[in-house]
Amino acid sequence: MILERAIDSYLDHLSVERGLSRNTLASYRRDLERYSEALTAAGIADLAAVRSADVTAHLAGLRAGGLASASAARAISAVRGLHRFATREGLVAADVAADVKPPAPPRRLPKALDVDQVTRLLDVADDTPLGLRDKALLEFLYGTGARISEAVGAAIDDLDLTGDPAAVLHGKGGRTRLVPVGGYAKSALEAYLVRGRPALAAKGRGTPAVFLNARGGSLSRQSAWTILHRAAAAAGLPVEGPHAVSPHTLRHSYATHLLDGGADVRVVQELLGHASVTTTQVYTLVTVDRLREVYATAHPRAR
């Protein structure tokens with residue numbers, strides 16, 4: 001089948017059958033037009049004439065041209081989708097792109113704050129009901145390692161601040177876990193529950209959520225992100241650029257500081273609610289980097 005016609009058919013399928021957004025379709029079209037130009041330059045005008053080596057060569061050309069791995073991966077995914085569609089529709093005999101793997105994105109280490117930065121972040125809230133809520137939320141995120149979705153989804157009955165304080169977190173895939181609540185988080189939560197939440201709850205209709213918005217309803221993830229963003233700006237921490245404080249920053253910091261303090265990686269896995277320890281092990285790379293920094297600056301024979 002003529003290459004351009006095959007691409008148009010595939011894009012129509014994505015639009016009508018898959019309902020992809022206009023922006024996503026535009027990205028796919030650019031990727032496939034680039035692919036078409038590369039094949040045309042190689043003297044290939046029919047999709048049935050494409051070989052696996054041609055797809056591999058296109059991927060190599062993308063990387064050689066300086067395209068970022070994430071963009072190259074998306075482009076190859078579009079190409080693989082085209083060939084899969086053409087095979088399924090009987091337009092070509094075989095899927096020659098099936099074994100071509102997109103480039104693995106570089107492993108990005110989590111961004112973690114140091115202890116002094118966390119202290120500054122947690123010390124910016126005031127003594128109003130909303131200020132007490134913000135303080136409790138930030139302390140809860142750092143003190144439990146909760147995801148923001150887990151924090152805003154927590155109900156009053158999920159907290160037990162007596163004896164050994166703990167919280168039930170409702171994680172991904174319907175999994176729940178019990179995590180300890182540290183002393184600072186406990187104090188902030190108690191202050192908010194006694195002096196802040198009742199004033200906010202009086203404006204709403206009686207939600208069981210721990211963290212409420214100014215109208216007495218459940219706090220949204222977007223509002224929780226805004227609270228963190230505002231606190232980071234007030235603490236003089238970056239809120240834009242590659243090192244900006246993000247919704248996961250306190251969770252990353254929680255894990256990194258636990259490992260820095262000698263916690264076993266499997267214990268941290270349980271606390272974070274990771275299904276696999278390999279997900280948690282990325283944090284060990286952060287701590288190794290920090291150990292290297294300390295060694296390089298402190299050891300007399302390091303240089």
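Helices (H or I, at least four residues) are DSSP runs, numbered from the N terminus. This is a predicted model, in which local features need pLDDT of at least 70, side-chain atom pairs count only at pLDDT 80 or more, and totals for chains, interfaces and linings use all residues. Residues are numbered from 1 along each chain as its sequence is written, and side-chain values use heavy atoms, with hydrogens and water left out.

Helix 6 (residues 129-144) packs against helix 11 (residues 249-260) at an angle of about 40 degrees, their axes 7 Å apart. Helix 6 is therefore oblique to helix 11 (angles under 35 degrees count as roughly parallel, over 145 as roughly antiparallel, 65 to 115 as roughly perpendicular and the rest as oblique). From helix 6, Leu 138, Leu 141, Tyr 142, Gly 143 and Thr 144 meet Leu 250, Ser 253, Tyr 254 and His 257 of helix 11; contact means heavy atoms within 4.5 Å. These contact residues divide into 5 nonpolar, 4 polar and no charged.

| Residue | Relative accessible area | State |
|---|---|---|
| Thr 144 | 0% | buried |
| His 257 | 15% | buried |

Thr 144 lies in helix 6. Beyond its neighbours within four places in sequence, Thr 144 touches Leu 169, Val 179, Pro 180, Val 181, Tyr 254 and Leu 271. His 257, in helix 11, is 143 residues from Asp 114 in sequence, yet their C-alpha atoms are 8.1 Å apart in space.

Notes. Axes are lines fitted to C-alpha atoms, for helices over the stretch in contact, and angles run from 0 to 180 degrees between N-to-C directions. Helices (H or I, at least four residues) and strands (E, at least two) are DSSP runs, numbered from the N terminus. Ala, Val, Leu, Ile, Met, Phe, Trp, Tyr, Cys and Pro count as nonpolar, Asp, Glu, Lys and Arg as charged, and the others, Gly among them, as polar. Buried means under 20% relative accessible area, exposed over 50%, partly exposed in between (1.4 Å probe, protein chains only).
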